[in-house]
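Here is a short briefing for a first look at this structure. Start with the view below, then follow the points by topic.

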Amino acid sequence: MIAPLTQAVRGQPVPSIAEPVIEVIDITKRYGRNIVHQHLNLDVRRGEIVSIVGGSGSGKTTLVRQILGLEHPSSGTIKLFGENLATISPETALLMRSRSGMLFQRGALFSSLSVFDNIAQPLRELGKVPNELLRDIVMLKLEMVGLPCKHASKMPSALSGGMIKRVGIARAIALEPELLFLDEPTAGLDPQASDEFVELISALHRALGLTVVMVTHDLDTMIALSTRVAVLADRKVLVAAPVEEAAGVDHPFIREYFLGLRGRRALQALPPERRAKLPRAALAPASSELPL
Ligand SMILES: Nc1ncnc2c1ncn2[C@@H]1O[C@H](COP(=O)(O)OP(=O)(O)O)[C@@H](O)[C@H]1O
Ligand SMILES: [Mg+2]
């Protein structure tokens with residue numbers, strides 16, 4: 001299934017990369033004696049799609065939660081749209097929240113609410129939106145994520161994994177955010193649903209000029225979408241660069257993740273001019289050694 005949006009934005013240029021919208025400056029995050037982040041820095045500019053990769057428990061979700069203001073760093077500074085999260089007023093914080101959409105790793109939808117009510121929920125939280133308008137907005141968002149209107153009355157339990165993610169995205173973009181956060185968006189999806197998800201994010205990125213920050217384990221999704229990849233290891237961002245550059249950094253996690261069989265195979269999807277910048281170790285044959 002190809003969403004009409006995907007066709008509409010074909011040929012449209014990708015958003016140009018502009019000023020920083022997220023600045024994470026020298027943060028440390030501790031839970032008791034567990035130091036999750038130490039001297040961690042990361043910038044994300046408007047129009048980028050930045051993937052955060054790292055081992056399980058390396059602090060990817062914790063980093064996103066801090067950027068969203070759901071957790072606070074033990075020290076250091078986080079700025080969103082140029083504003084220091086530690087010093088803004090509650091009103092500004094609320095406004096910032098409405099400029100970001102989030103698709104969480106688990107519990108993407110409220111299971112007791114219909115598709116319609118799930119998507120409508122952020123709009124209802126805002127206050128009085130007339131019913132007619134609410135209906136139009138929800139139906140528009142459904143269409144944007146490529147789901148027919150007839151699904152609006154369904155309960156989440158009646159949907160496939162791929163459809164649940166689409167509804168989660170429709171809800172995340174309900175307030176027309178500038179920034180979209182995705183935590184493991186393709187986990188649990190079959191390869192076809194993952195490919196469709198990649199198309200959807202790519203189309204929304206173009207159509208809405210979105211900035212996307214995505215936590216993912218999925219090499220194919222990461223390579224297909226990212227303008228840069230931020231590698232989390234040793235409690236910090238080791239490198240935040242286009243994947244062909246990040247793959248060349250000498251570090252055990254990077255060697256294992258990018259230069260193993262799966263990594264080398266996934267890197268074959270890069271266009272030739274970007275493949276030419278990969279380290280030699282990434283170009284060793286991969287396709288013949290693993291069953292497809
Ligand atoms: N609310 C919390 N309280 C205590 N420890 C936490 C909390 N949230 C995360 N952690 C710890 O922080 C570390 C990083 O977790 P997380 O950000 O979820 O990793 P990832 O998303 O990379 O798998 C883990 O050691 C986890 O146990
Ligand atoms: Mg996580």
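Two directions count as roughly parallel when the angle between them is under 35 degrees. Helix α4 (residues 115-126) and α6 pack at an angle of about 30 degrees, so α4 and α6 are roughly parallel to each other. The model is a predicted one. The points below cover the helix packing, the sheet, the other strand pairs and the ligand.

**Helix α4 against α6**
- The axes of α4 and α6 are 8 Å apart.
- The crossing of these two helices, α4 and α6, is right-handed.
- On the α4 side, the contact uses Val 115, Asn 118, Ile 119, Gln 121 and Pro 122. On the α6 side, Val 167, Ala 170 and Arg 171 meet them.
- Five residues in the contact of α4 with α6 are nonpolar, two are polar and one is charged.

**Helix α6 against α7**
- Helix α6 spans residues 161-172, and helix α7 spans residues 191-208.
- Their axes come within 10 Å and cross at roughly 20 degrees. Therefore α6 and α7 are also roughly parallel to each other.
- The crossing of α6 and α7 is right-handed.
- α6 makes this contact through Gly 161, Gly 162, Lys 165, Arg 166 and Ile 169. α7 answers with Ala 193, Glu 196, Phe 197 and Leu 200.
- The contact of α6 with α7 has four nonpolar, two polar and three charged residues.

**The six-stranded sheet**
- Strands of a sheet pair through backbone hydrogen bonds, either parallel or antiparallel.
- Six strands make an open sheet here, in the order β6-β7-β8-β3-β9-β10. The pairing in this sheet is mixed.
- Which strands stand at the edges? They are β6 (100-103) and β10 (236-241). Each has a single partner strand, so one side of each is left without a neighbour in the sheet.
- On average, neighbouring strands of this sheet are turned by 15 degrees against each other, direction ignored.
- α6 packs on the sheet and touches β6 and β7 (179-183). The direction of α6 makes about 160 degrees with that of β6.
- Strand β9 (residues 228-233) runs antiparallel to β10, and five bridges join them.
- Leu 232 stands opposite Val 237 in β10.

**Strands β1, β4 and β5**
- Strand β1 (residues 20-31) pairs with strand β4 (residues 75-80) over five bridges, in the antiparallel sense.
- Thr 28 stands opposite Ser 75 of β4.
- β4 also pairs with strand β5 (residues 83-84), again in the antiparallel sense, over two bridges.
- Lys 79 has Asn 84, in β5, as its bridge partner.
- A hairpin is formed by β4 and β5, with two residues between them. Phe 81 in the turn has a positive phi of about 50 degrees.

**Around ligand 1**
- Which residues surround ligand 1? They are Tyr 31, Asn 34, Val 36, Gly 54, Ser 56, Gly 57, Ser 58, Gly 59, Lys 60, Thr 61 and Thr 62.
- β2 (34-45) and α2 (60-67) each supply at least two residues of this shell.
- Three residues come from α2, the largest share of the shell around ligand 1.
- By class, the shell around ligand 1 has two nonpolar, eight polar and one charged residues.

Methods: Residues numbered from 1 in each chain as written. Chains lettered and ligands numbered in written order. Predicted model: local features only at pLDDT ≥ 70, side-chain atom pairs only at ≥ 80, totals over all residues. Axes fitted to C-alpha atoms, helices over the stretch in contact; angles between N-to-C directions. Helix = DSSP H or I, 4+ residues; strand = E, 2+ residues; numbered from the N terminus. Parallel < 35°, antiparallel > 145°, perpendicular 65-115°, else oblique. Left-handed = near helix turned anticlockwise from the far one by under 90°. Contact = placed C-beta atoms within 7 Å. Nonpolar A, V, L, I, M, F, W, Y, C, P; charged D, E, K, R; others polar. Near = placed C-beta within 6 Å. Pairing = 2+ DSSP bridges.
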